[in-house]
Amino acid sequence: MPRPRVLLSRAMPAEVVAQLSPHCEVQANPDDVHWSRAELIARLQDQDALLDTGTQRIDAELLAACPRLKIVANMTVGFNNFDVPAMTAAGVQGTNAPDVLTETTADFGFALLMATARRISESEHYLRAGKWQSWRYDLFAGAEVHGSTLGILGMGRIGQAIARRGALGFGMQVLYHNRSQLAPDLEAACQARYVGKQELLRRADHLLLVLPYSAESHHSIGAAELAQMKPTATLINIARGGIVDDAALAQALRAGTIAAAGLDVFEGEPQVHPDLLSVPNIVLTPHIASATLATRCAMARLAADNLLAFFAGKDVLTAVNT
Ligand code: DGY
């Protein structure tokens with residue numbers, strides 16, 4: 001029987017290529033470029049599977065153009081690149097990579113919160129520019145983190161891991177809002193209290209966004225929401241671009257509606273709204289919340305495990321459709 005053919009949409013760890021190679025014909029992306037949609041479709045013509053980084057849109061049009069495709073395995077937990085109903089209708093399996101990145105991503109969420117609240121990027125630029133003349137009591141004075149109120153919008157696994165860091169490590173009061181309230185034992189484990197969205201916006205000193213992107217969560221934070229936040233508050237987005245209205249955020253940061261923001265994800269990334277690039281009170285990073293080599297390899301291994309299970313006729317480990 002011919003071996004299944006798997007296309008890797010970007011460079012993958014050598015161990016993952018080695019994991020797949022005994023069982024599949026692996027087609028790599030030797031130049032590690034982001035293929036255009038037309039190029040991806042052309043390359044998928046003779047492929048059974050795609051291992052993707054969550055950046056290629058998989059929708060009815062692409063599926064119709066690639067009739068041999070049977071499974072798309074994202075190496076990311078987010079799967080907003082999938083049109084899930086279209087994949088199900090076409091009989092194409094989708095999988096994601098949850099859990100293996102939870103703690104690493106929560107670490108980064110906290111790092112971005114700290115960097116933003118304590119103005120680490122701004123002060124480093126000042127120092128590198130040779131502007132530092134002397135010690136001053138209020139030089140780059142930032143916001144308190146310990147003992148402050150941490151707001152979390154979206155309380156899945158990553159939200160809960162961030163809550164534990166805030167409550168147990170930094171003595172923060174943790175409030176959260178989510179589509180549904182957590183079970184009491186989960187709330188107790190991360191010492192977090194459920195509140196309505198308006199209350200979350202009003203009370204958070206630091207508001208962290210960790211909800212999945214969907215049509216429903218598009219621009220969950222826009223001008224109206226920013227106006228409800230404290231002028232001393234910080235906003236951190238490690239979820240997905242598009243959850244925040246980036247133009248409204250840039251305006252709010254300029255106007256002092258909120259104090260600062262930390263963004264790891266952007267609407268239309270890798271493009272970044274030019275207004276965000278010119279405001280000083282912001283920390284910007286290129287979608288690296290899960291980026292430790294150990295975690296990125298674990299994410300890619302899980303995607304490969306899903307492909308191998310699928311081609312062995314077993315249940316995939318982390319299906320996003322059935
Ligand atoms: C994910 O897994 O969805 C992350 O955003 C990628 O780092």
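## Around the ligand

Gly-54, Thr-76, Val-77, Gly-78, Leu-101, Ala-289 and Ser-290 surround the ligand, each being near in the sense that its C-beta atom, placed from the backbone, lies within 6 Å of the molecule. By class, that shell splits into 3 nonpolar, 4 polar and no charged residues. Here Ala, Val, Leu, Ile, Met, Phe, Trp, Tyr, Cys and Pro count as nonpolar, Asp, Glu, Lys and Arg as charged, and the others, Gly among them, as polar.

A word on the model: it's a predicted one, where local features need pLDDT of at least 70 and side-chain atom pairs count only at pLDDT 80 or more, while totals for chains, interfaces and linings use all residues. Residues are numbered from 1 along each chain as its sequence is written.

## Two domains

The chain is assigned domain 1 (5-100 + 293-311) and domain 2 (102-284), with bounds that come from an automatic or database domain assignment. Their centres, taken over C-alpha atoms, sit 31 Å apart. Domain 1 puts 5 residues into the contact and domain 2 puts in 7; a contact needs C-beta atoms, placed from the backbone, within 7 Å. On the domain 1 side, that's 1 nonpolar, 3 polar and 1 charged.

## H5 against H7

Now for a helix pair, with helices (H or I, at least four residues) and strands (E, at least two) taken as DSSP runs numbered from the N terminus. Helix H5 (residues 102-117) and helix H7 (residues 157-170) have axes that come within 8 Å and cross at roughly 55 degrees. Those axes are lines fitted to C-alpha atoms, for helices over the stretch in contact, and angles run from 0 to 180 degrees between N-to-C directions. That makes H5 oblique to H7, since angles under 35 degrees count as roughly parallel, over 145 as roughly antiparallel, 65 to 115 as roughly perpendicular and the rest as oblique.

Which residues do the meeting? From H5 come Thr-102, Glu-103, Thr-105, Ala-106, Gly-109 and Phe-110, and from H7 come Arg-157, Ile-158, Ala-161, Ile-162 and Arg-165. Sorted by class, this contact holds 5 nonpolar, 3 polar and 3 charged residues.

Two loops are worth a look. Between H5 and helix H6 (120-128) lies Arg-119, a residue other than glycine whose phi is positive, near 60 degrees.

How values were computed:
Contact = placed C-beta atoms within 7 Å.
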